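Subject: Structure handover and notes

Dear colleague,

Please find the structure below, together with my notes on what turned up when I went through it.

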Amino acid sequence: MTDMFVSLGTWNWLIFGFILMALETIAPGVFLFWLGLAALLVGLISFGVHLSWQIQLVMFAVFAAAAVPVWRRLARPKLDESASPFLNKRTEALLGREFTLEKPIIDGSGTVRIGDTVWRVAGPDTPAGTKVKVVQVDGANLTVAAA
């Protein structure tokens, strides 16, 4: 076993790195890629500097461990709140907007059509066709006032 480690050379690390990266294409999970990259780095460094097998293994372990936070940082999706501030908050996007009542508000309840959806609204009694403004949002319930 020791002979195998002693014989670790530049080409062995490069071959090992390419094998790990090739395995990543067969079983994708973005895990073997980073180990392959660590092996390639050790191989490239050992081209310029002759290192003992112990130092090569330690370098591989350090590079592989350092790849985890790098991978997490690169893999984390960057959410741009300014691009879609109302994503998953559809009703909050309606706050302050004006719509025309589809059905009159009678006894505090009526409807408006927003796009292809009919929304239930609450507010003071108002005839159909009147412009109303959304003043409060509570879940899927909109509270309106005359515009």
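Let me begin with the aromatic residues: Trp-13, Phe-16 and Phe-60 form one aromatic cluster. Rings of Phe, Tyr and Trp (for Trp, its six-membered ring) count as a pair if their centres lie within 6.5 Å, and the pair is called stacked with planes under 30 degrees apart, edge-to-face over 60 and tilted for the rest.

Before going further, please keep in mind that this is a predicted model, in which local features need pLDDT of at least 70 and side-chain atom pairs count only at pLDDT 80 or more, while totals for chains, interfaces and linings use all residues. Residues are numbered from 1 along each chain as its sequence is written, and side-chain values use heavy atoms, with hydrogens and water left out.

The chain as a whole

The chain contains 4 helices and 5 strands, and from the N terminus on these elements follow the order α-α-α-α-β-β-β-β-β. Helices (H or I, at least four residues) and strands (E, at least two) are DSSP runs, numbered from the N terminus. Of the 147 residues in the chain, 26% are buried, where buried means under 20% relative accessible area, exposed means over 50%, and partly exposed is in between (1.4 Å probe, protein chains only). The accessible surface of the chain comes to about 10000 Å², and 65% of this belongs to carbon and sulfur atoms; the areas come from the Shrake-Rupley method with a 1.4 Å probe, and for residues only the protein chains shown count as cover.

The aromatic pairs

The structure holds 5 aromatic pairs. In one of them, the rings of Trp-13 and Phe-60 have centres 5.3 Å apart and planes at 35°, so this pair is tilted. The pair links distant parts of the chain, with Trp-13 in helix H2 and Phe-60 in helix H4, 47 residues apart. The rings of Phe-16 and Phe-60 also make a tilted pair, because their centres are 6.0 Å apart and their planes lie at 55°; here Phe-16 in helix H2 and Phe-60 in helix H4 are 44 residues apart. Both Trp-13 and Phe-60 are buried, Phe-60 with a relative accessibility of 15%, whereas Phe-16, at 36%, counts as partly exposed.

The 17 residues of H2 should span 24 Å at 1.5 Å a residue, and its end C-alpha atoms are 25 Å apart, which agrees; the expected span is 1.5 Å times one less than the number of residues. The buried residues of H2 are Thr-10, Trp-13, Leu-14, Gly-17, Leu-20, Met-21 and Glu-24. Seen down the axis of H2, they fall within an arc of 125°, so they line one face of the helix, the arc being that of the directions from the helix axis to the C-beta atoms. On the other side of H2, Trp-11, Phe-18 and Ile-26 are exposed. The buried residues of H2 pack against H3 and H4.

In H3 (residues 32-48), the buried residues include Trp-34, Gly-36, Leu-40 and Val-42, and what covers the buried residues of this helix includes H2 and H4. In H4, the residues Gln-56, Met-59, Phe-60, Ala-64 and Ala-67 are buried, and they pack against H2 and H3.

Two residues to look at

Glu-24, in helix H2 (residues 10-26), is buried with a relative accessible area of 10%. A polar atom of its side chain lies 3.1 Å from the backbone nitrogen of Phe-33, and, not counting residues up to four places away in sequence, Glu-24 touches Gly-29, Val-30, Phe-31, Leu-32 and Phe-33.

Gly-110, in strand S2 (residues 109-114), is buried with a relative accessible area of 8%. Leaving aside neighbours within four places in sequence, Gly-110 is in contact with Lys-103, Pro-104, Ile-105, Trp-119, Arg-120 and Val-121. Between Gly-110 and Arg-120, which are 10 residues apart in sequence, the C-alpha to C-alpha distance is 5.9 Å.

Key. A polar contact is a pair of N or O atoms within 3.5 Å; within protein, one must be able to donate a hydrogen and the other to accept it, and residues adjacent in sequence count only if both atoms are side-chain atoms. Contact means heavy atoms within 4.5 Å.
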